[in-house]
Amino acid sequence: MKQEIEDYLLWMMDKGYAHSTWRGYEWTLKHFLNYIGTRKISFEAAFTSDILKAFQKKNGLALKFHAVTGLSRYLFEQKKIPRPIQKQRYPLPQIYEEYLIDYESSRQVQPTQILRTRRTLSALNDYLEKRKIDFSRIRIEQLDDFLAKYAVDFAPVTQQNIRSCLRGFLRYLWQERKVKRDLASFFVGGPYWSQTKPPKFLRSQEVQRLFAGLKLCTPKELRLNAMLRLAYTLGLRPKEISSIRLDDISFRKGEITLRERKSSNPMKLPLPEDDIKAIAAYIVGARPKSDARTLFLKFRAPYTAILPVVVSQDIGLYMRSINLPSSAYWLRHTYAQNLLEAGASTFEIKQMLGHDRIQTTKRYIHIHTKLMREVLFNETL
């Protein structure tokens, strides 16, 4: 084990990990080696979630477990252990697991949303099993009772998310002919009034401030500029921006292919000249040298794709730094407003935003103030 740890640490150095990270991993793995040695745990049995939990409890290293899981992944890739340490997960009955697979593959959702849905379905399964209710015969009254017991202590927005998880599952059961009635449309709650506020978007002078404030002196600013352009001119979600690959961009044709849209409908869009320049500047002047094909990469080794949350955080922090109290989704809303002002129909906006339901688009846009004044007061602004 000692040799494997030394090899792993050398691999980290070769990959360019920060010195502080390397030293922290070295310290943690030294304790891990001592832990399994004193308990005479074999090399083959050392990399399990139970051993990791016991090690954390004994040494109080809850924040350093990444060193051990990272070592396990390295050893797995080197084919020295059969599998890396994985968080223990108890499988649900087949119909639930089939729905989760379908949900993840057909919808562009974050892993955290899959986890929330799994927790909700696990609670529903426990509720039905304790009462010996076959979900093929479930009634809306029983679903209401489940929600009243399970979600009563959650915040309104969390209750709304739980209800949404259940509606998706009920709709899937109906589509798969597992139930006799489509209960999804009946499973509604009280309106969540804060969601009725119009979406927030930037005015023209605010858009000018947005791009005028960029210095473009550091790699992070070059990356931010490219992400801002894509969010503003194409209305892309943070998830879509983080998923763009080099192969998706045609500089010669001035096109970008979006393969991972939430509606699972890939599409090609024209890439504005400013976007092309921003992306090219990032690739030439800021993108780390890597074999990875994802466009936007982390600036620290290993140079892997950035997460959607990084896109949101970088854009949000910058906008607040120039006194625009907003988020990455404001740019998407601004894109929708620009389409609306240009005369695009709701259906056309739906297609451009990548929505799978027209109802979603209708909630996403509202009458532009300029157009309203032109209609009501015959003003030309």
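Of the 381 residues in the chain, buried ones make up 41%, where buried means under 20% relative accessible area, exposed means over 50% and partly exposed lies in between, with a 1.4 Å probe and protein chains only. Please keep in mind that this is a predicted model, in which local features need pLDDT of at least 70, side-chain atom pairs count only at pLDDT 80 or more, and totals for chains, interfaces and linings use all residues. Residues are numbered from 1 along each chain as its sequence is written, and side-chain values use heavy atoms, with hydrogens and water left out.

**The chain as a whole**

- The secondary structure comes to 17 helices and 3 strands; these are DSSP runs numbered from the N terminus, with helices (H or I) of at least four residues and strands (E) of at least two.
- Among contacts (heavy atoms within 4.5 Å) between residues at least 6 apart in sequence, 58% join residues at least 24 apart.

**The sheet**

- The 3 strands form an open, antiparallel sheet in the order E1-E2-E3, where two strands pair if DSSP finds at least two bridges between them.
- E1 and E3 are the edge strands, each pairing on one side only.
- Strand E1 (residues 249-250) runs antiparallel to E2, and 2 bridges join them.
- Within this pairing, Ile249 stands opposite Ile256 in E2, while Ser250 has Glu255 as its bridge partner.
- E1 and E2 form a hairpin with 4 residues between them, and Gly254 in the turn has a positive phi of about 70°.

**Leu258, in strand E2**

- Leu258 is found in E2, which spans residues 255-258.
- Why does Leu258 count as buried? Its relative accessibility is 5%.
- Leaving aside residues up to four places away in sequence, Leu258 touches Leu236, Pro266, Met267 and Leu269.
- Ser243 lies 15 residues from Leu258 in sequence, and their C-alpha atoms are 8.7 Å apart in space.

**Helices H3 and H4**

- The axes of helix H3 (residues 49-59) and helix H4 (residues 65-77) come within 11 Å and cross at roughly 155°; axes are lines fitted to C-alpha atoms, for helices over the stretch in contact, and angles run from 0 to 180 degrees between N-to-C directions.
- H3 and H4 are therefore roughly antiparallel to each other, given that angles under 35 degrees count as roughly parallel, over 145 as roughly antiparallel, 65 to 115 as roughly perpendicular and the rest as oblique.
- Leu52, Phe55 and Gln56 in H3 meet Phe65, Val68 and Thr69 in H4.
- The residues of this contact of H3 with H4 divide into 4 nonpolar, 2 polar and no charged; Ala, Val, Leu, Ile, Met, Phe, Trp, Tyr, Cys and Pro count as nonpolar, Asp, Glu, Lys and Arg as charged, and the others, Gly among them, as polar.

**Phe296, in a loop**

- Phe296 sits in the loop between helix H12 (273-285) and helix H13 (308-321).
- Not counting residues up to four places away in sequence, Phe296 touches Arg223, Ala226, Met227, Leu230, Ile241, Tyr282, Thr304, Ala305 and Ile306.
- One of these, Ile306, is 10 residues from Phe296 in sequence and 6.2 Å away in space, C-alpha to C-alpha.
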